[in-house]
Amino acid sequence: MDQAIGAAIEQDNAKRQSELAADYAALGERLARRGLDLAALTDQVAAFAVAVPSWGVGTGGTRFARFPGPGEPRDVFDKLADCAVIQALTRATPRVSLHIPWDKVADLAALRAQAADAGLGFDAMNSNTFQDQPGQRRSYKFGSLSHTDPATRRQAIEHNLECIEIGRALGSKALTVWIGDGANFPGQQHFTASFERYLEAMRAVYAGLPADWRLFIEHKIYEPAFYATVIQDWGSSYLAATSLGPQAFCLVDLGHHAPTVNIEMIVARLIQFGRLGGFHFNDSKYGDDDLDSGAINPFQLFLVFNELVDADARRAPGFAPAHMLDQSHNVTDPIESLMASAMELQRAYAQALLVDRTALAGYQDANDALMASRTLKQAYLTDVEPLLATARLRQGGAVDPIATYRAAGYRAKVAAERPAVQGGGGGIV
Ligand SMILES: [Mn+2]
């Protein structure tokens with residue numbers, strides 16, 4: 001661990017520990033009156049983990065501009081160092097999700113060694129066929145896995161197979177595929193033919209999956225294709241997953257839906273039919289805003305976790321969703337945003353654990369809409385901060401990760417060590 005971070009954790013925690021102990025005891029009494037065991041809940045929250053996206057530690061951007069911050073990571077090794085800081089402080093982010101080719105390096109053993117040193121592992125690999133790379137033979141301007149040209153499709157397939165190979169060397173167990181393929185104009189693309197080409201290409205990717213890997217299919221309603229996207233919704237994603245085979249699952253990115261869509265219900269449907277692969281957590285007001293998780297609509301995040309806790313409690317078959325963040329940080333220090341987001345997920349999870357499911361089922365059966373709603377609200381409105389902070393403290397993390405991070409001066413340190421570079425591979429996804 002970064003020495004200054006370690007020292008800051010010790011110092012800052014010492015200041016906060018007695019107040020936290022009092023708050024924790026008070027919460028314990030409150031929850032005990034509701035028949036809840038705070039110690040057991042703390043263990044459950046401590047075991048919660050979410051993967052950090054490697055591209056998230058660099059400053060993101062919009063279609064208009066990118067305003068880099070000081071000490072931006074220059075390569076994947078710098079990204080891992082930043083991810084290690086997030087994990088050291090929050091103890092909620094033990095894995096990193098890589099993006100190829102942004103994170104491609106010759107020395108995979110060195111990457112694996114640095115990660116192991118920091119206590120980090122690798123989560124799902126992310127392929128990239130939504131932009132062209134220098135020297136690439138065929139362009140993805142008009143699509144990749146669903147392109148009309150078989151050679152371009154083959155190139156996109158090969159890239160995904162390469163991502164699997166890199167992932168195998170790093171200990172990853174999943175591949176996430178999102179394509180920007182689609183159309184900007186009515187008539188531009190034959191809906192059926194393009195989906196058929198996609199399925200055929202994905203069958204070749206699927207065939208290259210190791211037996212213990214999962215394939216995550218990520219849908220997105222629009223952008224960069226603004227009229228029709230080949231995998232535009234969970235329906236298309238589900239159709240693709242079921243036609244590919246049992247190792248294929250749907251990935252829900254919270255920002256990839258229209259503003260009024262009931263995402264928690266999509267989550268429930270995918271759980272019911274055994275195809276929920278995982279999440280890209282973020283938040284949005286208008287579209288694929290990639291804002292910090294819980295920043296805009298924390299109640300929605302709670303409702304999503306309510307479905308997850310419910311599925312876990314009734315041991316839904318095949319239920320093992322991967323948790324990943326997928327955000328773009330334009331105006332904040334990315335490390336602070338990622339820490340805050342990981343903590344917001346823990347908060348939603350903890351609140352969902354508080355739901356009195358027996359009472360809720362009774363109200364649902366009795367059609368008591370008001371009390372069913374109040375049951376969820378009672379859990380949602382409980383201040384679980386002492387629980388979250390204690391879970392961190394017990395694992396060696398910071399009681400207040402953001403205050404501790406600022407006190408440690410990490411950003412100023414890396415700003416001095418890392419000269420600004422162009423395109424360190426971050427950003428806009
Ligand atoms: Mn995503």
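## Pairing and numbering

Two strands pair if DSSP finds at least two bridges between them. Helices (H or I, at least four residues) and strands (E, at least two) are DSSP runs, numbered from the N terminus. By these rules, β10 and β11 pair in the parallel sense over four bridges. Glycine 278 faces alanine 322 in β11.

The model is predicted: local features need pLDDT of at least 70, side-chain atom pairs count only at pLDDT 80 or more, and totals for chains, interfaces and linings use all residues. Residue numbers start from 1 along each chain as its sequence is written.

## The six-stranded sheet

β10 and β11 belong to an open sheet of six strands, ordered β4-β5-β7-β9-β10-β11, with parallel pairing. Its edge strands are β4 (125-126) and β11 (322-325), and each pairs on one side only. Asparagine 126 has threonine 176 in β5 as its bridge partner.

Which residues cover the two sides of β11? Ala322 and Met324 lie on one side, His323 and Leu325 on the other, and all are buried. Buried means that 20 or more other C-beta atoms lie within 10 Å of the residue's own, with C-beta atoms placed from the backbone. In a regular strand the side chains alternate between the two faces of the sheet.

## Helices on the sheet

Helix α7 (residues 234-244) packs on this sheet and touches β7 (214-218) and β9 (248-253). Its direction makes about 160° with that of β9. Helix α8 (residues 263-272) lies across β9 and β10 (276-281), at about 170° to β9. Axes are lines fitted to C-alpha atoms, for helices over the stretch in contact, and angles run from 0 to 180 degrees between N-to-C directions. Contact requires C-beta atoms, placed from the backbone, within 7 Å.

## The three-stranded sheet

Three strands form another open sheet, in the order β1-β2-β3, with parallel pairing. β1 (52-53) and β3 (121-122) are the edge strands, each pairing on one side only. Two bridges join β1 to strand β2 (residues 95-97). Proline 53 stands opposite serine 97 in β2.

## Helix α1 against helix α13

The axes of α1 (residues 3-33) and α13 (residues 385-394) come within 9 Å and cross at roughly 130°. The two helices are therefore oblique to each other. Angles under 35 degrees count as roughly parallel, over 145 as roughly antiparallel, 65 to 115 as roughly perpendicular and the rest as oblique.

Asn13, Leu20, Asp23, Tyr24 and Leu27 of α1 make the contact with Pro386, Leu387, Ala389, Thr390 and Leu393 of α13.

Definitions and conventions
Contact = placed C-beta atoms within 7 Å. Buried ≥ 20, exposed ≤ 12 C-beta atoms within 10 Å, placed from the backbone.
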